[in-house]
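Let's take a friendly walk through the salt bridges of this structure. Have the sequence and the 3D view ready as you read.

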Amino acid sequence: LLDWTYSPFVAAFFGFWSGRRDTDKGKPVRIVMFDAMQWRQDLPQLSHITLCRPHFSLIEPFALGNERALPQQSLASITNMDDIEEYIRLQEKQNNKSYLQAFDLDADERIDVLRMLSLMGISPGSMFPGLEGVCHEYRDRNFGPEEW
């Protein structure tokens with residue numbers, strides 16, 4: 001399974017919030033956009049990975065028992081392919097369509113982006129309901145989202 005979100009803002013939050021290591025300095029934060037609607041129209045979707053034919057299918061998990069699904073606007077993919085990107089690129093070529101795009105954002109904008117997202121209500125407290133989110137939110141508000 002691979003997690004996705006319907007929101008580019010939630011994707012930016014996870015891209016910037018996850019923290020940067022010294023080895024990542026200078027590398028951009030990459031947001032990948034997948035055209036789920038077009039993919040579903042063009043290719044049959046399956047919910048089992050035991051089928052023999054290659055597939056990459058999108059599923060929307062129930063929010064019951066998953067308190068993060070709604071705030072994260074989650075979507076998941078299920079596949080039996082080893083190289084998902086190669087499979088998607090093959091389908092793009094066969095269908096003469098573009099399903100996958102990548103956007104690189106300047107990692108040096110991390111603090112400003114996280115502050116703006118927080119003003120939009122996208123913060124650790126909203127993305128991680130429960131004690132974990134409260135602790136991360138408290139840390140960010142009192143010590144700042146600098147390098148941890």
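Arginine 40 counts as partly exposed, because its relative accessibility is 30%; the term covers values between buried (under 20% relative accessible area) and exposed (over 50%), using a 1.4 Å probe and protein chains only. Glutamate 60 is also partly exposed, at 48%. The two form a salt bridge, with their closest N and O atoms 3.5 Å apart; this term means a side-chain nitrogen of Lys or Arg within 4 Å of a carboxyl oxygen of Asp or Glu. The pair links distant parts of the chain, 20 residues apart: arginine 40 sits in helix α2 (residues 36–42) and glutamate 60 in the loop between β3 (56–59) and β4 (74–79). Helices (H or I, at least four residues) and strands (E, at least two) are DSSP runs, numbered from the N terminus.

## About the model

This is a predicted model, where local features need pLDDT of at least 70 and side-chain atom pairs count only at pLDDT 80 or more, while totals for chains, interfaces and linings use all residues. Residues are numbered from 1 along each chain as its sequence is written, and side-chain values use heavy atoms, leaving out hydrogens and water.

Seven salt bridges turn up in the whole structure. One of them joins aspartate 104 and arginine 30, at 2.7 Å from N to O. Aspartate 104 is in strand β5 (residues 100–105) and arginine 30 in strand β2 (residues 29–34), so this pair ties together parts 74 residues apart in sequence.

Helix α3 (residues 84–95) holds both arginine 89 and glutamate 92, three residues apart, about one turn of the helix. Salt bridges with shared partners join Glu85, Arg89 and Glu92 into one network.
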